[in-house]
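Trainee: Could you take a close look at the aromatic pairs for me? I'd like the details and how they sit in the overall fold.

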Amino acid sequence: MYNKNIKLVIAAIIIGVAVWQMIEGYIGNGIMLILLSLIFVFLYFKNELILLAFLRLRKQDFDGAKKWLNKIKNPESALTTKQQGYYNYLLGIMLSQTNITQAEKYLKKAIKLGLSMNQDLAVAKLNLAGIAMTKRRKREAQTLLTEAKKLDKHNMLKDQITMMKQQMKKI
């Protein structure tokens, strides 16, 4: 919605007003303004539109998630590097249902930009392994599957990885 730097400027202005309120003797107002500024600092690190898209994706509402992601006009200037990674990750997951060539591009870009959670990285590599397998690139799919298995520390993707390995034997 807002540029990432504007959020920090708004937070700094609110903190300045909070300090002024405390100096004037309105301690309660100052504390409340500091808490309000923390919202803008939080939204600097976690983009609100990406959070809303994750919520829609959790409900299996791909159209709603796409709508929230489309509101981000220029991801390079509006998002930090990790947020750009998650932006591309979400686009890749949604496009993997319809257009695997574009999904592969977005997922590779998401891995290159970086995802903060190993589980998300494992899901991205698992999706890329599936795409490589459909394109008959068995060696690439095998390496991506082993990387996904290493990243999946809680064995949440164990069933999908074993199913993918069984399908790979048929190729």
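Mentor: Here's the overall picture, then the rings. This is a predicted model, where local features need pLDDT of at least 70, side-chain atom pairs count only at pLDDT 80 or more, and totals for chains, interfaces and linings use all residues. Residues are numbered from 1 along each chain as its sequence is written, and side-chain values use heavy atoms, with hydrogens and water left out.

The chain has 10 helices and 0 strands (DSSP runs, H or I of at least four residues for helices and E of at least two for strands, numbered from the N terminus). Its C-alpha atoms fill a box of roughly 75 × 30 × 25 Å along the principal axes.

Now the rings: a search of the whole structure turns up 3 aromatic pairs (Phe, Tyr or Trp rings, the six-membered one for Trp, with centres within 6.5 Å; planes under 30 degrees apart are stacked, over 60 edge-to-face, the rest tilted). One of them is Tyr44 with Phe45, edge-to-face at 5.0 Å centre to centre and 85° between the planes. Tyr44 is buried at 17% relative accessibility, while Phe45 is exposed at 54% (buried is under 20% relative accessible area, exposed over 50%, partly exposed in between, with a 1.4 Å probe and protein chains only).

Phe54 and Tyr86 are also edge-to-face, at 5.9 Å and 65°. Phe54 sits in helix 3 (residues 48-58) and Tyr86 in helix 6 (residues 81-95), so this pair ties together parts 32 residues apart in sequence. Phe54 is partly exposed at 30%, whereas Tyr86 is buried at 11%. Together with Tyr89, Phe54 and Tyr86 form one aromatic cluster.
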